[in-house]
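This report describes selected features of one protein chain.

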Amino acid sequence: MTDQKRNRQLLLAQRPEGMPTEETFAYREVPVPEPGEGQVLVQTIYLSVDPYMRGRMSDQKSYVEPYQLNEVISGGIIGKVVESKSDRFHVGDKVVGMMGWQHYNAVDASEVRKVDDLIAPLSAYLSVLGMTGLTAYFGLLDIGQPKKGETVVVSGAAGAVGMVVGQIAKIQGARVVGIAGSDEKMDFLERELGFDRAINYKTADNLQKALEQACPDGVDVYFDNVGGPISDAVMNLLNDYARIPLCGAISSYNRTDGDLGPRVQTKLLKSRALIKAFIVGDYAHRFSEGIRDLAQWLSEGRLQYQETIVEGFENVPQAFFGLFKGENLGKQLVKISEPGE
């Protein structure tokens, strides 16, 4: 098999300044790798694109190492084992793990885990039962700790993390207000996912007033996915002892002029609020707990999810660009091959 096929890869060609462009990426074809002892050869089925990857394209210190120039970009992958030199996996097994943006990856068996498409569709293991679902689960429940009757505000509410956050908050008995960037997304949040209110920040005449109307009793939990002016407005409504899980700041990821705004210290001090940044890897030792509860809510129909799937390896850059334009509803994935191929 490895003599007949080629392995197409997507590399980081340039470190972007501002919004990434086509020139940020480069394609390369190489021979399909041979798995070594204890390894498996995985054919990519679904590839995940995520906002945090923009930070890894810059050569700056962060919670994860930057991508290296002219090397394969990596991220979440669902794939099929097509060759195995490990007794842990058989040919045909479906697996998930952090692997390279390429058609084939040879990886140690310990770096991937088997998934069951009888429990949920394969793509769900990169969304609601994957990193984004777990991010929502631990960020909201461990840091936000919503209580019955409290008001939870979620920015980026129609994204893969935000929509799960809102639904878990509803399961906990909270009142949920979502902030998104289109009327279609607002309608989806309210009609399909049961959010109590949704705000379109792009069309609101006055975002501050819109938030005040949607949150007449103030804000007890703010799940922050975006930063910027949206978060500035929410901070003005914090109740005493509010909790703020800080998950992301996508509004600033492509800025080149710095990210200046109102100072939050006084607002936090007056409300005695807690703000805590986190990454999902902080909770790796508890992933089984999160997947168990998410899968249970999913099976009970209490949790829904949405995916935006683009087809074709050549369209990975466009799918990535779309994250910063708000083009995706829910998790953004790229389908590379069919599970049965």
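In which strand is the place of Thr 151? Thr 151 belongs to strand β8, which spans residues 151–155. The model is a predicted one. Thr 151 counts as buried because its relative accessibility is 4%, and the cut-off for burial is under 20%. Apart from neighbours within four places in sequence, Thr 151 is in contact with Arg 175, Cys 215, Gly 218, Val 219, Asp 220 and Val 221.

Gln 102 sits between β5 (94–100) and β6 (104–108), and its relative accessible area of 10% makes it buried. Its contacts, leaving aside neighbours within four places in sequence, are Asn 7, Arg 8, Gln 9, Thr 44, Val 72 and Phe 313.

In helix α4 (residues 183–192), the residues Lys 185, Met 186, Phe 188 and Leu 189 are buried. Viewed down the axis of α4, the buried residues fall within an arc of 160°, so they line one face of the helix. An α-helix has 3.6 residues a turn, so residues three or four places apart point the same way. The face turned away from the buried side carries the exposed residues Asp 183, Glu 184 and Arg 191. The buried residues of α4 pack against α3 (160–171), β9 (175–180) and β10 (197–200).

Helix α9 (residues 316–323) is mostly covered, with 7 of its 8 residues buried. The buried residues are Val 316, Pro 317, Ala 319, Phe 320, Phe 321, Gly 322 and Leu 323. Their cover includes the strands β1 (6–12), β2 (25–31), β3 (39–48), β14 (307–311) and β15 (331–335), together with helix α1 (52–56).

**Packing of α2 and α8**

Two packed helices are described by the angle between their axes and the distance between the axes. For helix α2 (residues 131–144) and helix α8 (residues 287–299), the axes come within 10 Å and cross at roughly 100°. That makes α2 roughly perpendicular to α8. On the α2 side, the contact is made by Met 131, Gly 133, Leu 134, Tyr 137, Phe 138 and Leu 141. On the α8 side, it is made by Phe 287, Glu 289, Gly 290, Ile 291, Asp 293, Leu 294 and Trp 297. By class, this contact has 9 nonpolar, 2 polar and 2 charged residues.

**Aromatic pairs**

The count of aromatic pairs comes to 10. The rings of Tyr 137 and Phe 138 have centres 4.9 Å apart and planes at 85°, so this pair is edge-to-face. Both Tyr 137 and Phe 138 are buried. Ring pairs link Tyr 137, Phe 138, Phe 223, Phe 278, Tyr 283, Phe 287 and Trp 297 into a cluster.

**Positive phi angles**

Most residues other than glycine have a negative phi, and most peptide bonds are trans.

| Residue | Phi |
|---|---|
| Asn 70 | near 65° |
| Tyr 241 | about 65° |
| Gly 194 | about 80° |

Asn 70 is found in the loop between α1 and β4 (74–84). Tyr 241, by contrast, lies in strand β12 (residues 238–246).

Terms used
Residues are numbered from 1 along each chain as its sequence is written. This is a predicted model: local features need pLDDT of at least 70, side-chain atom pairs count only at pLDDT 80 or more; totals for chains, interfaces and linings use all residues. Side-chain values use heavy atoms; hydrogens and water are left out. Axes are lines fitted to C-alpha atoms, for helices over the stretch in contact, and angles run from 0 to 180 degrees between N-to-C directions. Helices (H or I, at least four residues) and strands (E, at least two) are DSSP runs, numbered from the N terminus. Angles under 35 degrees count as roughly parallel, over 145 as roughly antiparallel, 65 to 115 as roughly perpendicular and the rest as oblique. Contact means heavy atoms within 4.5 Å. Ala, Val, Leu, Ile, Met, Phe, Trp, Tyr, Cys and Pro count as nonpolar, Asp, Glu, Lys and Arg as charged, and the others, Gly among them, as polar. Buried means under 20% relative accessible area, exposed over 50%, partly exposed in between (1.4 Å probe, protein chains only). The arc is that of the directions from the helix axis to the C-beta atoms. Rings of Phe, Tyr and Trp (its six-membered ring) pair if their centres lie within 6.5 Å; planes under 30 degrees apart count as stacked, over 60 as edge-to-face and the rest as tilted.
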